[in-house]
Amino acid sequence: MTDPVPDPLNSSPGDADWWRGAVIYQVYPRSFADSNGDGVGDLAGITARLDHIASLGVDAVWISPFFTSPMKDFGYDVADYCDVDPVFGSLADFDRLIERAHALGLKIITDLVLAHTSDQHAWFKDSRQSRGAAKADWYVWAEAKPDGSPPSNWQSVFVGPAWTWDARRGQYYLHNFLPEQPQLNLHNVAVQDALLDAARFWLDRGVDGFRFDAINFAMHDPALTDNPPAPPGKRTRPFDFQSHVHNQSWPRIPAFLARVRALMDQYPGRFSVAEVVGPDAEPEMQAFTADDRHLNSAYGFSYLYAGELTPDLVRRANAAWDGRPGQGWPAWAFSNHDAPRAVSRWAEGRDPDRFARMAMLLLLSLRGNVFVYQGEELGLPQAEVPFDRLVDPEAIANWPETLGRDGARTPMPWRADAPHAGFSAVEPWLPVDPRHPAMAVDRQDPDPSSILNLTRRLIALRKREPALRLGALRFLDAPAPLLAFERRHGDQTLTCVFNLGHEIVTWTPDGAPVVIDSVNAAASDTLPPLAGRITRSPSI
C-alpha cells in the first residue's frame, strides 16, 4: 500500500467551497444545440437544454468561449472580452442563460483566455500601428536578428515559428498559437489591470467562476532565450522538437494569479481553475494553486493525451496531489474539446460501451474536481470527420498524423430520428457521425440500463458519499491489470477496484466488503474485463 492522501475536510462543503470534489459539465457551445437554424450552436440553445444538464446531477457548467471573435481558433482568439459573438447570441442571451442555470441550481463557469487575443482586438490594432502607440507594449514585440530571422527559435503550437513579421512596426510579434493570436505582454501591469477588468465584467454579470485557458503560456522569458531541444520522442509538429522552458512557464505567473484570486475573493463562492498544458505540468499546477492565495484548482492533461489507460497512469496522475497543507485541489477530465474522446483512445478494440461505463465509474471515483465533457454521458466515440470537412487548423496542418480536435467537437445528438440528430434544422458546421444518432439522448433517457442513466446514478452516488467527493485517496496493492484504491472520509472507507485488462480477474481486499455500485458484472470477488466496483465494509 502507498501512503494515503490526507482527508482535506471533516465536513461537507459549504456554499463558499461548493467546488471541492464537484462534478462540472463542459459545454462546447458551437456543437451543443442550435436554436436559430444556422448550423452553429448558441447560448439560447444551451439555455434550452439546461434541463438535460441538471438531470445529470452535476454542480456546474463550464462553457467554452463565446466572446466576440473572428473564429480563427473558434473563440479562443478573442476580439472583445466583454461581449458575445453574434454567432452565439447576445449579452441578453447570456443573462437569460445565467438566470435559468441558477434557477436549476447550476453554477456557470466560463473560459477566460488571458495569454493572447485575436489580431482583430482593438488593443492589438493600436499596438501594431507604431512603436509610439498608446498600447505599443501591450503585446510581445521584438527586433529581428541581424540576418532578418526571428528573435528566437521558439515554435508555435500549430504552425511553425512563433514569430510573425509586421511591416508597420518593423518588428516581429510573438504568438504561441496561430499568427492571428498575438501574445499579450503580461509583464506589463496595465495589461494585467485590463484583464482583471474583463474578469470583473463577467463576475458582475453573475458567473460563478473561470477556467483560465493555457495559463502557463501567460508569460515568457523577457530575454527571449532560445529553447533547448526536447528529448527524443514522437514529433508531428516543429513545436515538439523543443523543451518549452523560455516561451512559457515564467516564474512570475503565480504572482499574477494571486492578483486574480484577490479579485475573485471579492465575490464569495467563486471558483477558479487553471488549464496547464505540457508534459511536465505538475509543478506548475501546484504553484498555480498554492497557499490559498492563488487559484482553487488546476486542470491538467495527464489523462487527456494518454494513449492508454493503465494503473500506472492513474497512480502517477494522483501522486503529486497528496493533500499537504497549502496545496490546491486537482481537476481531472478524460475527454474535452481539445483531445480525442477517451473511449476511442483507450478501448483497444474492446466493447466501447463497456469501456465507457467503466471509465465513467473511475472518473467519478477520483479525488478532485471532475469534468464531464458533453456526450461523454452518452458514451460517444470520437467522430470520424472527412478531410474535406475539417475546420480545425491543427487538424488540417497535421493531417493525417494526428486525430485533431474536430472529431471531439461534432454536434451533440439529441433525437435519433431527427435531421442532424436534433442538433440543428440545417447542415451543421461539423457533420454528425453516423454512429452517434443511435446513442442520442432521446434513445437513452427512457432506458434504465443506458450509460446516460448510469452517469446520473454515479453522480448521485458521488454526491451522497462524502468519501468519494472529499475523501483521502490511498492506492492498494493489487495484481495487474487491476487498479485499486481506497477513498476515506471521517469514519467512512470505500474501496474502488477496476479491471483495466482483457481477462477476468479474481481479487477481494481484506474483509467482507459489500458492493454499493458496480459496472459490467463486477462482483465482490471477480471482475470481468472492464468491470469496476465500489465496496464498503459492513462494519462501517
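Visitor: How does C82 count in terms of relative accessibility?
Guide: This is a predicted model, in which local features need pLDDT of at least 70, side-chain atom pairs count only at pLDDT 80 or more, and totals for chains, interfaces and linings use all residues. Residues are numbered from 1 along each chain as its sequence is written, and side-chain values use heavy atoms, with hydrogens and water left out. Buried means under 20% relative accessible area, exposed over 50%, and partly exposed in between (1.4 Å probe, protein chains only). Because its relative accessibility is 28%, C82 counts as partly exposed.

Visitor: And is C496 buried or exposed?
Guide: The relative accessibility of C496 is 0%. C496 therefore counts as buried.

Visitor: How many disulfides does the structure hold?
Guide: A disulfide is taken as a pair of cysteine sulfur atoms within 2.5 Å. By that criterion the number of disulfides in the structure is 0.

Visitor: How many salt bridges does the structure hold?
Guide: A salt bridge requires a side-chain nitrogen of Lys or Arg within 4 Å of a carboxyl oxygen of Asp or Glu. One of them joins D17 and R20 at 3.7 Å, N to O. Another set links D73, D338, D392, R405 and R409 in a network. The total number of salt bridges is 35.

Visitor: How many residues apart in sequence are the parts that D95 and R205 tie together?
Guide: The side chains of D95 and R205 form a salt bridge at 2.9 Å, N to O. D95 belongs to helix α3 (residues 91–103), while R205 sits in the loop between α5 (189–204) and β11 (209–212), so the parts tied together are separated in sequence by 110 residues.

Visitor: Which residue forms a salt bridge with E427?
Guide: E427 is partly exposed, with a relative accessible area of 45%. In its salt bridge, the closest N and O atoms are 3.1 Å apart, and the partner is R389.

Conventions: Helix = DSSP H or I, 4+ residues; strand = E, 2+ residues; numbered from the N terminus.
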